[in-house]
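Reader: Can you walk me through this one? I'd like the interface and a couple of residues.

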Protein chains: 2
Amino acid sequence: MTHPLRKHIEEIISLTDEEFDFVLSHFEQIKKRKHQYIIQEGEFVNKEYWIINGCLKSYFVDDNGKEHIIQFGMENWWITDYESFVKQVASKTSIDCIEDSELLYITYENRERLTAEMHKMERFWAKKSKIGRIGLQNRILSLLQNSAKERYNLLLEQYPTLLQRVPKKMIAAYLGVSRETLSRLNS
Amino acid sequence: MTHPLRKHIEEIISLTDEEFDFVLSHFEQIKKRKHQYIIQEGEFVNKEYWIINGCLKSYFVDDNGKEHIIQFGMENWWITDYESFVKQVASKTSIDCIEDSELLYITYENRERLTAEMHKMERFWAKKSKIGRIGLQNRILSLLQNSAKERYNLLLEQYPTLLQRVPKKMIAAYLGVSRETLSRLNS
């Protein structure tokens, strides 16, 4: 069976068996249970994660202690706190598992080494980074939208299976609305 | 005198004279006056811009006709609608000049050609894309912050010269506050 990471990478570039083995040798695999975290606010992050299966949330707690969800992550998504990962500063966000999750991770050093040696992998991550940037731009547009209904539609467009997988209160925390408002949007 | 684009690129990778000439041959230079646009909502964007000098804003108009500023761009910034540029869909945002501006641009095709031929330039843009992503993540955190004062501080951290260059009403449109609230933050 083709490794899921290989399938994912080969959506953008193609690899020989030897090349994929070389790529994979730069990763480690871990399992996390629901509610376990992979990143905590304040930590210096040196891993980028790829989600084999499961569901995670990236969030931020404001000065009043209120949790705001920045993004969800599911199968085939890359996730980390990129500011901390790239600039080696303390993470402003936390990332927790919403479901039991299997993840691969690559350390910053391994990623630097791999992309320096393999132009194809540099190209792969460059494309992925562009796509991640688009996701964030759409998140900004969704936050600037006055209409909660529009924000809700943008969310479902980005994550079609979300409603089946994530508690309603988290969807409300993402949208910045009450549970009552969410029920209205949902009907 | 070293070309400003070369200086900018060489913050990340180094280039020989020949390599830089080759890179530059993929760009065109344009001048825009204050109030002129480079991208209009609904357009299919196939250029990425680099700002030699000047100041631009990327914005989005909501269903009620209200303008929300997503980002400002200044000297040494790359700017475009990345969703439209990468996915070839209609742009959801517009980009206008706030000051007379000199820009370089590269088309999508030229950028693909250049990054395929030169691993170093792929690497350069991969880094830049990561940094752009961090800027967007911080914009999201700033939108999720309940405190207008915190949002204001994050803005000044990102653009230290902004107050001297941009009308107060645009800063208010970025922060999502009234002019009166802005004056209080400012004091």
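Author: What follows covers the conventions, then the interface, then two residues. This is a predicted model, in which local features need pLDDT of at least 70 and side-chain atom pairs count only at pLDDT 80 or more, while totals for chains, interfaces and linings use all residues. Residues are numbered from 1 along each chain as its sequence is written, chains are lettered from A and ligands numbered from 1 in the order in which they are written, and side-chain values use heavy atoms, with hydrogens and water left out.

Reader: How many residues of chain B are in contact with chain A?

Author: 42 residues of chain B are in contact with 41 residues of chain A. Contact means heavy atoms within 4.5 Å.

Reader: And how much area do the two chains bury between them?

Author: About 4,500 Å², with 58% of it on carbon and sulfur atoms. Buried area is the accessible area (1.4 Å probe) that two parts lose on being put together, summed over both. In chain B, the residues that lose the most area to chain A are B:Lys130, B:Arg133 and B:Leu144, together 16% of what that side buries.

Reader: How many salt bridges across it?

Author: The rule finds 6 between chain B and chain A; it asks for a side-chain nitrogen of Lys or Arg within 4 Å of a carboxyl oxygen of Asp or Glu. One salt bridge joins the side chains of B:Glu112 and A:Arg123, at 3.0 Å from N to O.

Reader: Which elements of chain B touch chain A?

Author: Those giving two or more residues to that side are strand E5 (67–74), helix H3 (82–87), helix H4 (108–117) and helix H5 (119–144) of chain B. H5(B) gives the most, with 19 residues. Helices (H or I, at least four residues) and strands (E, at least two) are DSSP runs, numbered from the N terminus.

Reader: Changing topic. Is B:Lys31 buried or exposed?

Author: B:Lys31 counts as exposed because its relative accessibility is 65%. The cut-offs are under 20% relative accessible area for buried, over 50% for exposed and partly exposed in between (1.4 Å probe, protein chains only). B:Lys31 lies in strand E1 (residues 27–32) of chain B.

Reader: What does B:Lys31 contact?

Author: Leaving aside neighbours within four places in sequence, B:Lys31 is in contact with B:Gln36, B:Ser101 and B:Glu102.

Reader: And B:Arg6, buried or exposed?

Author: B:Arg6 counts as buried, because its relative accessibility is 15%. B:Arg6 sits in helix H1 (residues 4–9) of chain B. Beyond four places in sequence, B:Arg6 touches B:Leu15, B:Thr16, B:Asp17 and B:Phe20.
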